[in-house]
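Q: I have a model open and want to learn how to read its features. Where do we begin?

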Amino acid sequence: MEQNQLELENQLFNMMWGHYVSGSLRTIADLAVADYLKESARTADELANEIGCHARSLYRVMRALATVGIFEQQGDKFSLTPLGNLLRSDIPRSQRATVIEMCSYFEAWEKLTEIVKTGNPPKESSYNYVLASEEKAKLFYDGMDSFYYDNPAPMLGSYDFSDAETVMDVGGGSGSQLIAVLKHYPHLKGILFDLPDTVKRSKANIEAAGLANRCFVAGGSFLDAVPSGADIYMMRHVIHDWDDSKSVEILKNVRAVLPDHGRVLVIETLVSGREKESFAVWFDLAMFAIDGGAERTREEYAELFEKAGLKLNRVVPTKVEVSVVEAVKGRSN
């Protein structure tokens, strides 16, 4: 039976108001409201007094989020649902930092019309904003670690590092991925390469993980050069931040120091071309709107590699929305 006009209008309306929900989620995550509800149901007045915000305004946000299952409202009291419990900051796999990070780019989407008209992505990278201060950088890396929590484990279950000696994580951020790899393979040595301010955080995390004797950090920009000394160079969700020309530039810098037996691992969400594919194509659009980047197909990665003097060797799927795209040395351009 065909949907009638009213059903179609309601379906469209539910799409239109999505940013209402994400904006409200961001506010609740910013204020850490879920942390104050872990013991018992409370009123907005009680919460506002502890948090230090306007009670009536908080009530209105929580009332709205109760309609989408974040809170349960009984009278004037609110409690956490299993869904809302994910916003607590003191639980394993907390999604609070993810919400704060992922709901921070409304301004980028406002500019999408102009981007589509011109084909020109934003002139300034969003990373200039998210890394502008220590506080913002912490939120960003916490959000990335939370969002990509499951990436290392399926990758480790799918890709074999046993014949490698040294792995470099290019753009390794907080170090969470490299730490997981080194813990899984006790024989490996590691190098984490990222911006100088970033590797200060990485170093502390590596030391806290007890891996300082097997892993060191190096500061710099992969747009300028990449250090030598590894036989595997891996990049998780790095290439998707950049357009084709910058991506080739980064890959060329890796190729310049790659030993003949070395491998390059690009860990990304692949666009498969399947009908009604959802996550990958929306992720692609987000990267385009925010930074001018892209999620790519297998064939598009093969083209990037060829331009950088590399050759696509294989694609190793994992149990989550990422694949390990492996390249080796090809003909130098």
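A: Start with two helices. Helix H2 (residues 18-30) packs on helix H4 (residues 55-66) at about 125°, with the axes 10 Å apart. Axes are lines fitted to C-alpha atoms, for helices over the stretch in contact, and angles run from 0 to 180 degrees between N-to-C directions. Helices (H or I, at least four residues) and strands (E, at least two) are DSSP runs, numbered from the N terminus.

Q: What does that angle make H2 relative to H4?
A: Under 35 degrees is roughly parallel, over 145 roughly antiparallel, 65 to 115 roughly perpendicular, and the rest oblique. So H2 is oblique to H4.

Q: Which residues make the contact?
A: Contact means heavy atoms within 4.5 Å. H2 gives Val21, Ser24, Leu25 and Ile28; H4 gives Leu58, Val61, Met62 and Leu65.

Q: What should I know about the model?
A: This is a predicted model: local features need pLDDT of at least 70, side-chain atom pairs count only at pLDDT 80 or more, and totals for chains, interfaces and linings use all residues. Residues are numbered from 1 along each chain as its sequence is written, and side-chain values use heavy atoms, without hydrogens and water.

Q: How do I read strand pairing?
A: Two strands pair if DSSP finds at least two bridges between them. Strand E9 (residues 310-317) runs antiparallel to E10, joined by 7 bridges. The two form a hairpin with 5 residues between them. E10 also pairs with strand E8 (residues 263-268), antiparallel over 5 bridges.

Q: Is E10 mostly covered or uncovered?
A: Buried means under 20% relative accessible area, exposed over 50%, partly exposed in between (1.4 Å probe, protein chains only). In E10 (residues 323-329), 6 of the 7 residues are buried.
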